[in-house]
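Me: I'd like to learn how to read a model of this kind, one feature at a time. Could you walk me through it?

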Amino acid sequence: MIFWISLIITIKIERMSKAIKKNTIQLKFDSARVYEPALESKSAAKIKPVYDLFINGKFEKPLSKKYFNTINPASEEILSSVAMAGKADVNKAVLAARNAYERTWKKMPAAERAKYIYRIARMIQEKAREFAIIETLDGGKPIRESRDFDVPTAANHFFYYAGWADKLEYAFPNRKAMPLGVAGQIIPWNFPLLMAAWKIAPALATGNTVVLKPAETTPLTALKLAEIIQEADLPPGVVNIITGAGATGADMVNHPDINKIAFTGSTAVGKIIQRAIAGTNKKATLELGGKAANIIFDDAPLDQAVEGVINGIFFNQGHVCCAGSRLYVQESVYEQVIQKLKDRMETLIVGNPMDKNTDVGAINSREQLATIQRYIKLGNQEGAEMYQSACALPKKGFFCKPTIFTNVAQSNRIAQEEIFGPVLAIQSFRTDDEVIEKANNTAFGLSAGIWTDKGSKIFNLTSKMRAGVVWANTYNKFDPTSPFGGYKESGYGREGGLHGLFPYVKLV
Amino acid sequence: MSISSSRLEILKTYKVYIGGQFPRTESGRYYIASNKKGLALANVCLCSRKDFKDSVVAARNAFAGWSSRAAFNRGQILYRIAEMLEGRKAQFVEELTKQDLTKAAAIAEVESCIDRLIYYSGWCDKFQQIFSAVNPVASSHFNFSVPEPMGVVAAVAPQNTSLLGLVSLIAPIIAGGNTIIILGSTQMPLSAITFAEVLHSSDLPGGVVNILTGKVSELLPYFAEHMDVNAVAFCEPDNAAQQLLKDKAAMNMKRVIIKDDMKWSTATAQSPYMIMDFQEIKTTWHPIENIGGAKAGY
């Protein structure tokens with residue numbers, strides 16, 4: 001009898017000490033997500049009920065006579081009605097850009113051009129809060145991110161490129177940098193204002209004029225930018241902003257009088273564009289999708305690495321081309337890392353984007369949510385093991401729980417295809433060579449993350465990643481001075497920094 | 001607006017600018033600034049060695065903060081200086097015409113200064129991208145060279161302009177992260193002091209720019225021999241003065257930058273090379289491990 005009791009006790013003690021060693025003690029998260037609401041007020045933002053097309057310095061009614069609604073994805077309520085540019089409207093905008101280029105912008109001294117771009121930067125700073133609120137309402141991203149990241153970075157991007165306008169002779173040794181002419185620019189819905197800044201600023205600084213189409217689901221901050229452009233007195237036609245959907249973009253790509261196409265969006269559409277302009281003289285830069293790998297080595301600072309991985313996939317709801325949507329963990333620290341990831345996921349607050357407590361906001365659209373849910377289902381079907389945080393989701397609007405998959409194979413579709421949502425595919429690895437091979441083994445090449453305390457290993461790994469942006473012991477860091485862009489099917493061309501000037505000039 | 005012609009004007013006292021404050025010279029001395037016709041314009045501080053030494057202390061204290069700010073932030077502040085100067089254009093034009101410029105020349109000078117500040121504002125976060133390098137060394141190392149500010153710069157402004165020469169030195173020197181003590185034009189000192197007021201309302205931390213007035217021949221030896229000054233800038237084609245400068249500067253190897261052939265009113269007088277004149281170059285090495293298949297390198 002005593003023998004059996006002592007055997008049971010021994011087994012229980014062994015199990016407990018194993019649990020303590022493996023750090024599998026269950027943490028309690030009941031109170032982690034319960035915060036008093038801290039809602040940002042909408043009062044600083046003025047959204048008009050109807051927006052027309054911004055062509056030649058004025059807001060003009062669309063010749064197509066069509067409008068479409070833009071909604072708040074967190075509540076599904078209609079925010080505004082915006083014009084749908086048809087082919088005739090695209091023609092009108094390109095003509096305005098062409099005339100402005102030939103008659104005004106091309107002839108203006110560079111230092112004066114710079115002053116207009118500086119004005120735009122300063123005015124965005126003056127109206128920062130309004131922009132942040134509209135960005136959050138229209139796109140679903142948390143107000144903390146719009147306010148602290150999107151809007152200041154967009155303003156800084158204009159300020160940085162303004163400074164290049166009269167300094168191009170230093171940027172290109174032994175060459176004269178000439179503008180290309182009219183640039184047609186199509187931007188996505190994940191960083192609407194920031195993407196507009198990334199496109200417009202370098203184009204103007206190098207002397208080009210612009211026709212820009214914001215994404216269908218997020219037109220409002222681009223239209224606010226149009227209002228600033230008007231206020232800054234930019235010569236009419238230098239920047240034209242036309243709202244519309246896929247067809248509007250196609251009309252722009254196919255327009256014969258556009259010299260340069262700049263596109264940020266999915267790889268699939270990028271390929272369509274490249275085929276459409278083949279055989280023409282149009283230049284292009286494409287900033288497409290990604291399936292970035294974060295790699296945690298056994299000598300990584302684990303808590304920082306976990307924080308970096310969480311930020312890498314759940315920042316902006318995973319709607320980031322360079323999101324760290326794959327994770328490779330060295331075997332010896334695998335169980336620790338997974339547990340830490342799960343614990344951290346439990347503290348993420350998914351909710352109203354206008355609440356300053358919110359970490360993960362709304363998915364941008366019903367369509368995107370459906371796409372993400374299809375991939376989650378697929379992951380389960382492919383045999384991966386799913387874990388989702390236990391948070392409650394708001395009843396209205398489009399929301400998705402932070403999701404991770406373990407037991408993923410390199411050839412699984414969830415490890416190869418871009419999901420563009422808060423879904424992480426996790427694998428383990430043993431050697432450096434193995435993880436280098438696997439990290440590079442997708443069609444994409446936009447970004448990668450390396451986590452290790454050893455400096456010499458950092459530069460070994462970073463030099464071997466076939467990706468345009470490599471983060472070491474950090475993730476999702478952006479700066480106007482830092483070039484961004486992909487290898488392979490993540491596109492070509494760089495935005496930001498000195499190298500961001502190359503796509504908009506002809507070197508003579 | 002004066003109500004009647006019998007309203008007496010309040011005359012400005014031209015004090016100096018040290019450590020973000022406007023003290024008088026500790027020596028209590030003055031000299032009379034007058035125009036070409038001999039009309040007295042103001043009693044201007046005749047600064048002393050002590051004023052200069054106090055300025056070096058202020059500049060040194062300000063250096064760590066100023067040089068560690070984001071380059072972008074320095075650019076924003078230089079832009080703000082331009083905004084403030086643009087707002088005070090009329091005041092500067094009037095002050096320059098008092099100092100014998102025609103109105104047209106005065107307007108041109110002030111506008112050049114504003115545009116030059118904007119020009120250097122734009123360089124703050126870009127010159128590094130042009131003048132840095134990742135060096136492809138033959139060994140397995142990540143090796144990079146970057147410009148770094150020299151530190152505290154003592155400068156004598158070009159003497160034949162009241163404002164343009166002063167701004168043409170200050171802007172590139174602080175754009176590169178240095179702090180500066182600058183002696184204005186002895187003959188035309190007024191705009192240097194009024195410019196201090198512009199700096200003071202531009203979010204520029206105190207001590208980054210310190211502005212003195214006085215005699216070049218009296219102060220130059222002290223500029224040259226101060227052991228806590230990293231570089232001296234001088235713009236006059238005066239061989240004897242240049243020789244004195246270089247001789248005394250050898251004491252602590254301070255860098256001597258002579259700019260005596262510049263046409264300050266033309267575009268050739270502004271360039272990123274003016275920034276680089278006041279920069280060191282630092283090269284750093286870090287090993288790259290070579291484990292596994294293909295060799296790693298940059």
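This is a predicted model: local features need pLDDT of at least 70, side-chain atom pairs count only at pLDDT 80 or more; totals for chains, interfaces and linings use all residues.

Me: Let me start with a sheet in chain B: in what order do the 3 strands of the open sheet follow one another, and is the pairing parallel or antiparallel?

Reply: To read a sheet, follow the strands from neighbour to neighbour. In chain B the order is β3-β4-β10, with antiparallel pairing. The edges are held by β3 (133-134) and β10, each with a single partner strand, so one side of each has no neighbour in the sheet.

Me: How many bridges join β3(B) to β4(B), and which residue stands opposite Ala133(B)?

Reply: The two strands, β3(B) and β4 (residues 141-149) of chain B, pair over 2 bridges. Within that pairing, Ala133(B) faces Ser145(B) in β4(B).

Me: Now chain A. What is the strand order of its open sheet of 7 strands?

Reply: The order in chain A is β14-β15-β16-β13-β12-β17-β18, and here the pairing is mixed. The edge strands are β14 (385-388) and β18 (469-472) of chain A; each has a single partner strand, so one side of each is left without a neighbour in the sheet. On average, neighbouring strands of this sheet are turned by 20° against each other, with direction ignored.

Me: In which sense do β12(A) and β13(A) pair?

Reply: In the parallel sense: β12 (residues 293-296) and β13 (residues 326-330) of chain A share 4 bridges.

Me: On to helices. At what angle do α2(B) and α4(B) pack?

Reply: For a helix pair, look at the angle and the distance between the axes, then at the residues that meet. The angle between α2(B) and α4(B) is about 170°, and their axes are 8 Å apart. An angle over 145 degrees counts as roughly antiparallel, and therefore these two helices, α2(B) and α4(B), are roughly antiparallel to each other. Among the contact residues are Leu78(B), Ile81(B) and Leu85(B) from α2(B), along with Ile114(B), Leu117(B) and Ile118(B) from α4(B). By class, this contact has 10 nonpolar, 3 polar and 1 charged residues.

Me: And how do the axes of α4(B) and α6(B) cross?

Reply: They cross at roughly 10° and come within 9 Å, with α6 covering residues 164-175 of chain B. That is under 35 degrees, the cut-off for roughly parallel, and α4(B) and α6(B) are therefore roughly parallel to each other. The contact includes Arg116(B), Leu117(B) and Tyr120(B) on α4(B), and Val167(B), Ala171(B) and Pro172(B) on α6(B). Its residues divide into 9 nonpolar, 2 polar and 2 charged.

Me: What about the contact between the chains: how many residues does each chain give?

Reply: As a general idea, the size of an interface is often given as the accessible area lost when the parts come together. Here we can count residues instead: 25 come from chain B and 23 from chain A. On the chain B side, α2 (71-87), α4 (103-123), α5 (127-131) and β10 (279-287) each supply at least two residues. The most comes from α4(B), with 5 residues. That side of chain B has 12 nonpolar, 9 polar and 4 charged residues.

Me: Into which domains is chain A divided?

Reply: Domain 1 covers 42-288 + 487-507, and domain 2 covers 293-472. Their C-alpha centres lie 30 Å apart. The contact between them takes 20 residues from domain 1 of chain A and 25 residues from domain 2 of chain A. On the domain 1 side, α4 (128-139) and α5 (143-164) of chain A each supply at least two residues, and α5(A) gives the most, with 3 residues. By class, this side of domain 1 has 6 nonpolar, 7 polar and 7 charged residues.

Definitions and conventions
Residues are numbered from 1 along each chain as its sequence is written. Chains are lettered from A and ligands numbered from 1 in the order in which they are written. Domain bounds come from an automatic or database domain assignment. Two residues are in contact if their C-beta atoms, placed from the backbone, lie within 7 Å. Ala, Val, Leu, Ile, Met, Phe, Trp, Tyr, Cys and Pro count as nonpolar, Asp, Glu, Lys and Arg as charged, and the others, Gly among them, as polar. Axes are lines fitted to C-alpha atoms, for helices over the stretch in contact, and angles run from 0 to 180 degrees between N-to-C directions. Angles under 35 degrees count as roughly parallel, over 145 as roughly antiparallel, 65 to 115 as roughly perpendicular and the rest as oblique. Two strands pair if DSSP finds at least two bridges between them.
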